[in-house]
Amino acid sequence: MKTIHTGFAFRALQAIAGSVLLCVLTACGGGGSSGSAGSAGASGDGGNAGNPTAPANATAVGYFAQAGKIFDASGQEIQIRGINHHGFNSTILQPQFLWAMGWKEQIAQMKSLGFNAIRVPFVPDTLYNTTPVDQLVFVNPTLNPELIGKTPLQVLDLWMAEADRQGMYVLLNFYSVSMQTQYPTWFLSNPADFNLTYNKQAYTEENWTRDLAFVAKRYAGLSHFFAIDLYNEPHDNIRWTSGDANVTNPVYFWKEAAEFASAAVLAANPKLLIFVEGSNGNYDGVENSNLSMNWGENFQPEGYKPLNIPADKLVLAPHTYGPDAFMKTSFSASNFPANLPADWDTLFGQFTPAHSVVIGEFGGYYGTGPTGQQDVTWQNAFVQYLQGKGMSNSFYWCYTPNSGGTGGILDDNLNVRQDKMALLHKLWGR
């Protein structure tokens, strides 16, 4: 991988053509499994709210973003009341806790709690690993009979169709090039890391766009599949675009990569929204690089080097966490938490309502973790900030309890954390 990507426009066209041809030849079967998700009958309104008349200047096909809000194809505003549900991105390659819960019941419970959208991280292994999921980890056969003997992709097919049937919006997130670790880049070219990939080979930028286009096309018939998050928390030697010349090389530029990938996704499925996460500090002498930043949180360069992605398809999706997950220096300040809104404004809040800003991840143990009340204070302050900015669209991390640094909406006994739900209901205005 070169330090500076060249020929992006030509390569994007190659990737688009290749992905479309792949789907034609394989009926978008992919990954060595048979069948397709197809189109499931959607039920429920998914919690839509607002004027059903499309804004006059909306030109996008399918879902679109405008004036800080999200709309469906009919022009009806959607308030994203989202939850993250991980597992397809890890070594089990399926939703978490199927050893103790039923997969359909999980979706139904999330809906019953008031969530109307689910962010689902996945990895290339989800598409290409042919080991039945019940051989990767114990799956309760009584609660999940449909999944026994199924490959990860076949399970994802079933899961996507059921979420659509239950009226739940789905955001697919390309989490990592590896199911073993959260890899910092959207490609893997170091032979020392080939053991991390599904085929023990390099994983190229073209492979990434191929796989993004594949899922975009495969689930195009599901009416509640509304968006793709291009890559989870790119970090380390990642910059938005040309930055500090003194930084340790090589440097990889996220802006150009995101533009490259978004073109392939929209060619495969023009109905989708494109979620783009932030980068590391750009250290370019323009942004404020002294702020403590979470991975995926920094959008400052968007203000002066904006993404070349159709504005009505682009969603900025920052991640931000409190002290249970990552202890920032700002959390120790004497004026905490009053000092936090200025930082949030700088990192991402400044872009609303000109852009749609949807928080892709936030959360914490909320009083039961290592920082106790401090995390409660942080989460309360963040929800208050979002309310003040009119940013009610978000995805909370996460549903099940087995996530280090945050826990879940469910506790270790799979009981609902009513205190966390009360906080989210406050955010949603319900």
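Predicted model: local features only at pLDDT ≥ 70, side-chain atom pairs only at ≥ 80, totals over all residues.

Biologist: Is Ser 330 buried or exposed?

Modeller: Burial is judged by relative accessible area, and a value under 20% counts as buried. Ser 330 has 11% relative accessibility, so it counts as buried.

Biologist: Which other loop residue may be read in this manner, and what does it touch?

Modeller: Consider Phe 351, located in the loop between helix H8 (340–347) and strand E12 (356–357). Its relative accessibility is 7%, and Phe 351 therefore counts as buried. Setting aside neighbours within four places in sequence, Phe 351 has contacts with Phe 299, Gln 300, Glu 302, Gly 303, Leu 316 and Val 357. One of these pairs shows how sequence and space are to be read together: Phe 351 and Gln 300 are 51 residues apart in sequence, and their C-alpha atoms are 9.1 Å apart in space.

Biologist: Where does Asn 280 lie, and which residues does it touch?

Modeller: Asn 280 belongs to the loop between strand E10 (273–276) and strand E11 (314–316). With a relative accessible area of 16%, Asn 280 is buried. Not counting residues up to four places away in sequence, Asn 280 touches Pro 234, His 235, Asp 236, Ile 238, Arg 239, Met 293, Trp 295 and Asn 298. For Asn 280 and Pro 234, the separation is 46 residues in sequence and 7.5 Å in space, C-alpha to C-alpha.

Biologist: How are such contacts and burial summarised for the protein chain?

Modeller: One reads totals. Of the 430 residues in the protein chain, 59% count as buried. Among contacts with a separation of 6 or more, 73% are between residues 24 or more positions apart. The secondary structure of the protein chain comprises 10 helices and 13 strands.

Biologist: How should I read the packing of two helices, for instance H6 and H7?

Modeller: One reads the distance between the axes, the angle, the handedness and then the residues. The axes of helix H6 (residues 205–218) and helix H7 (residues 254–268) come within 8 Å and cross at roughly 35°. The crossing in which H6 passes H7 is right-handed. On the H6 side the contact is made by Glu 205, Glu 206, Trp 208, Thr 209, Leu 212, Ala 213, Ala 216 and Lys 217, and on the H7 side by Trp 254, Ala 257, Phe 260, Ala 261, Ala 264, Val 265 and Ala 268.

Biologist: How are H9 and H10 oriented relative to each other?

Modeller: Angles under 35 degrees count as roughly parallel. Helix H9 (residues 373–389) and helix H10 (residues 418–428) pack at about 15°, with axes 9 Å apart. H9 and H10 are therefore roughly parallel to each other. H9 passes H10 in a right-handed crossing. From H9, Gln 379, Asn 380, Val 383, Leu 386 and Gln 387 meet Leu 423, Lys 426 and Leu 427 of H10. This contact of H9 with H10 contains four nonpolar, three polar and one charged residue.

Biologist: Which residues of H10 are buried, and why do they line one face of the helix?

Modeller: The buried residues in H10 are Lys 420, Met 421, Leu 423, Leu 424, Leu 427 and Trp 428. Viewed down the axis of H10, these buried residues fall within an arc of 155°, so they line one face of the helix. Their cover includes strand E4 (81–84), H9 and strand E13 (394–396). The face of H10 turned away from the buried side carries the exposed residues Gln 418 and Lys 426.

Definitions and conventions. Residues numbered from 1 in each chain as written. Heavy atoms only, no water. Axes fitted to C-alpha atoms, helices over the stretch in contact; angles between N-to-C directions. Helix = DSSP H or I, 4+ residues; strand = E, 2+ residues; numbered from the N terminus. Parallel < 35°, antiparallel > 145°, perpendicular 65-115°, else oblique. Left-handed = near helix turned anticlockwise from the far one by under 90°. Contact = heavy atoms within 4.5 Å. Nonpolar A, V, L, I, M, F, W, Y, C, P; charged D, E, K, R; others polar. Buried < 20%, exposed > 50% of the residue type's maximum accessible area, 1.4 Å probe, protein only. Arc of directions from axis to C-beta.
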